[in-house]
Amino acid sequence: MASSDFTASPAMRHSPAAVRNRQPILEVLQAVLPEQAEVLELASGSGEHALHCATAMPGWRWQPSDLDDESLASIEAWRSACGPGNLASPIRLDATREWPSGKLDAIVAINLVHISPWQVTEALMARAGETLIANGVLYLYGPYRRHGQHTSASNATFDADLQRRDPRWGVRDLDRVLELAGRHGLVLERVVEMPANNLSVVLRRHGSNAVGNASSCDDDGIHGPTMSA
Ligand SMILES: C[S@@+](CC[C@H](N)C(=O)[O-])C[C@H]1O[C@@H](n2cnc3c(N)ncnc32)[C@H](O)[C@@H]1O
């Protein structure tokens, strides 16, 4: 759209980090999702990832969501100002409560796992196991510990800060997340190093009715070049 058509709204929030990481995130999603896909994004926050991904990929029907009013207002403000037709109005969704029915090709959760209680990740994995189609993708983005260790001093500092803000939050160990995922039929496909010591974690739902026996991952190595912001 022409910039002169754009009307800013006070409800629009702006996340500088989202603006930095949205293109690298899109590139990982483009590598693992088909051209046509039904995508549910949890914890969409400002809505800038949703706007960027839906605009770039008209064949993805992108459903943003969040649980707080400010985020929902921001997502809707971006959507109504400049969102494409394949970007749906946001829905209120608490990952630990009831989810919309219907099968999904992908679930996207950017910066949710470490900024929420562990029960949210448990609910996310359980619902992903139920609602993703066979070979559907669960995409996670954020900082993770690897084999119990922080991957950088800045992640260790960030972890301490998160736990000060809420003792139920914290940078999770990827092994623990993968073990939980495996219990719900979600198998690690790739880990991609991202800007600022974050990881993209791509899990794929095992073929039909495979829930419960997929705890071994073929490969938990880091794939691909480090993407720059
Ligand atoms: C750090 S923000 C991330 C926002 C956005 N994904 C980004 O990266 O800019 C965390 C988001 O998680 C949402 N959130 C927290 N607990 C949640 C839950 N139980 N279910 C769904 N969303 C939740 C918050 O409302 C907030 O928007």
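1. In this predicted model, helix α2 (residues 48–56) packs against helix α3 (residues 69–82) at an angle of about 30 degrees, and their axes are 9 Å apart. Angles under 35 degrees count as roughly parallel, so α2 is roughly parallel to α3. The crossing of these two helices is right-handed.

2. What makes the contact between α2 and α3? From α2 come Glu 48, Ala 50 and Leu 51, and from α3 come Ile 75, Trp 78, Arg 79 and Cys 82. Sorted by class, this contact has five nonpolar and two charged residues, with no polar ones.

3. Helix α2 also packs with helix α1 (residues 16–32); the two axes come within 9 Å and cross at roughly 40 degrees. Because of that angle, α1 is oblique to α2. The crossing of α1 and α2 is right-handed.

4. On the α1 side, the residues that meet α2 are Ala 18, Val 19, Arg 22, Ile 25, Leu 26 and Leu 29. Their partners in α2 are Glu 48, His 49, His 52, Cys 53 and Ala 56. By class, the contact of α1 with α2 has seven nonpolar, two polar and two charged residues.

5. The crossing of α4 and α6 is right-handed. Thr 121, Glu 122 and Met 125 of α4 make the contact with Val 177, Leu 180 and Ala 181 of α6. Four residues of this contact are nonpolar, one is polar and one is charged.

6. Which residues come nearest to the ligand? They are Ala 43, Gly 45, Ala 95, Ile 110 and Asn 111, out of 21 residues around the ligand. The shell divides into ten nonpolar, eight polar and three charged residues.

7. On confidence, the protein chain has a mean pLDDT of 90, and 88% of its residues reach 70 or more. Over residues 209–229, however, the pLDDT is below 50. That stretch still has 37 contacts in the model beyond near neighbours in sequence. Where pLDDT is low, the predicted coordinates should not be read in detail.

Conventions
Residues numbered from 1 in each chain as written. Predicted model: local features only at pLDDT ≥ 70, side-chain atom pairs only at ≥ 80, totals over all residues. Near = placed C-beta within 6 Å. Nonpolar A, V, L, I, M, F, W, Y, C, P; charged D, E, K, R; others polar. pLDDT = per-residue confidence, 0-100. Contact = placed C-beta atoms within 7 Å. Axes fitted to C-alpha atoms, helices over the stretch in contact; angles between N-to-C directions. Helix = DSSP H or I, 4+ residues; strand = E, 2+ residues; numbered from the N terminus. Parallel < 35°, antiparallel > 145°, perpendicular 65-115°, else oblique. Left-handed = near helix turned anticlockwise from the far one by under 90°.
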